[in-house]
Amino acid sequence: MLYFFILGDVLGAGVYVLVGQVAADAGGAVWAPLIVALCLALLTAASYAELVTKYPRAGGASHYATLAYGPFAGFLAGFCMLAAGVVSVGALARGFGGDYLSEFVSLPIVLVTIVFLAALALLNARGISESTRANAVATVVEVGGLLLVIGLGAWIVLRGDGDLGRLTDLGTTSKGPATAVLSGAVLAYYSFVGFETSVNVAEETRDPRRAYPRALFGALITAGAVYVLVGAAAAAAVPTAKLAESSGPLLEVVRAAGGVPTELFSAIALVAVANGALLTGIMSSRLAYGMARDGLLPSFLTKVLPGRRTPWAAIATTTALSLLLALTGDVSTLAATLVLLLLVVFFLVNTSVLVLRRDVTDHDHFRAPSVVPVLGAASCVVLATQIERDVWLKGLVVLAVGVVLGVVAAVRLRRTR
C-alpha cells in the first residue's frame with residue numbers, strides 16, 4: 001500500500017505537460033534527461049530513507065534540518081516546501097488551460113486559470129475525505145493515460161510511421177549533448193517530485209525500517225520506467241519540433257496514432273493535471289496552517305471553517321498566490337522555479353544525513369553509503385547551476401522572503417519563551 005501511495009504521488013501531471021519542454025531542451029532523446037533525473041532523485045531518496053527509518057515519527061525535511069542545524073534552517077526548509085507547493089499549483093493551473101482544454105473549448109487562459117483554481121479551492125475547503133476519494137479515481141485514470149501513450153507510440157513505430165532515429169538525437173543547435181541533458185533534467189526532475197511527501201505516512205507502516213526503503217525505491221524506479229517509455233514513445237512518434245511547440249505534447253501522439261478520440265485523451269490529461277494540482281494544494285494549505293499554528297507564519301492562517309474545520313484562510317491565501325504566479329509566468333519557468341526551491345530542501349536533507357550520523361539511535365535503520373548523500377548534495381548544486389537567470393531571480397526573491405520570515409519567527413518564539 002505504501003508503494004502505491006508513493007507511486008500515485010510521483011506519477012502524475014508533470015509528464016503530461018513537460019515532455020515537450022524537455023524535448024525543446026534536450027532534442028529527441030527525451031529519455032536521457034529523464035534517466036538522469038531519476039538517478040538524481042534516487043540519491044536524495046536514499047537520504048530520505050535513512051532519516052525516515054531513523055526518525056519514523058519525524059515531520060519531514062523541516063524536522064530533519066532542525067535536528068541538524070537548528071530552528072532557522074528547519075523553518076527555511078518548511079518555507080521552501082510551502083513555496084514549492086504554491087508554485088506547482090500555479091504551473092499546473094497554467095498547463096490546464098493549454099492544448100488539452102482547447103480540444104473542448106477555446107477560452108482566455110486568464111479566465112480558465114481563475115475558474116480552475118477557484119474550483120480546486122472549494123473542493124479543498126469541502127474536506128479531505130472528498131479530496132482523497134477524488135484522488136484515488138484520478139490516479140487510476142492518469143496512469144491509464146500514460147500506458148495508452150506508450151501503446152500508441154509503439155503502434156506508430158510498428159506500422160512504419162515513427163522514427164526511432166530521433167531517440168539518439170541528443171542536443172540542440174544552441175546546446176551540446178551534456179548541457180542539453182542537464183538542462184532537460186531540471187525540468188524532468190519536476191516529474192519525480194512527490195516522493196518526499198511520503199515521510200508523513202512512514203509511521204503508519206508496520207515496519208518502517210524494512211517497508212519504507214523498498215516502497216520508496218520501488219515506486220521511483222517504476223515511475224522512472226513509465227516516464228522513459230512515455231518519453232521514448234512521444235519522441236519516436238512525433239517530430240521533435242512539433243513536440244516542443246505543444247502545450248499538450250502527449251496529445252500529439254494520440255493524433256499521430258489515430259483511432260483514439262483526442263477528446264478522450266484530453267479529458268484524461270485534464271484529470272491528471274487537476275489531480276496533481278488538488279493534491280499539491282491540499283499539502284500547501286495544510287503546511288501553511290501547521291506553520292501558522294506553530295507561530296512561524298501569521299496567525300490569520302489558522303482560521304478554519306466552523307463546520308468543516310478546514311483551514312479556509314490558508315487555502316484562500318495559497319490559492320491567491322498560485323493564481324498570481326500562474327498569471328505572470330509560463331509552465332516551464334514555474335516548473336524550474338519549483339525545482340530550484342526543492343533543490344534547497346533536498347540539499348539540506350542530504351547534508352543533514354551526514355550531520356546526524358553522530359546521533360546514534362537505539363534501533364536499526366536503513367543506512368545509505370556515505371558517498372550517496374554527498375553525491376545527492378552535489379547533484380542539487382549541479383542542477384542549480386543549470387537553472388536560468390530569470391528563474392534564479394524569482395527564486396532568490398522567495399528565499400529572501402523566507403529568510404525575513406524566519407528571523408521574525410525566531411525573534412517571536414524567543415520572546416514567547
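Trainee: Is Glu252 buried or exposed?
Mentor: Good place to start, and keep in mind that this is a predicted model. The relative accessibility of Glu252 is 8%. Buried means under 20%, so Glu252 counts as buried.

Trainee: Which residue does Glu252 form a salt bridge with?
Mentor: Look along helix α12 for a residue 3 residues apart from Glu252, about one turn of the helix. The closest N and O atoms of the pair are 3.0 Å apart. The partner is Arg255.

Trainee: Which residues are joined into one network with Glu252 and Arg255?
Mentor: Salt bridges that share partners make this network. Arg255 also forms a salt bridge with Glu103, with the closest N and O atoms 2.3 Å apart. Besides Glu252 and Arg255, the network holds Glu103 and Lys242.

Trainee: How many residues apart in sequence are the parts that Glu103 and Arg255 tie together?
Mentor: Their salt bridge starts from Glu103 in the loop between α6 and α7.

Trainee: Where do Glu50 and Arg357 lie, and how many residues apart in sequence are the parts they tie together?
Mentor: Their side chains meet in a salt bridge of 2.8 Å, N to O, and both residues are buried. Glu50 lies in helix α3 (residues 31-54), while Arg357 is in the loop between α15 (331-355) and α16 (371-385). The parts tied together are therefore 307 residues apart.

Note on methods:
Residues numbered from 1 in each chain as written. Predicted model: local features only at pLDDT ≥ 70, side-chain atom pairs only at ≥ 80, totals over all residues. Heavy atoms only, no water. Salt bridge = Lys/Arg side-chain N within 4 Å of Asp/Glu carboxyl O. Helix = DSSP H or I, 4+ residues; strand = E, 2+ residues; numbered from the N terminus. Buried < 20%, exposed > 50% of the residue type's maximum accessible area, 1.4 Å probe, protein only.
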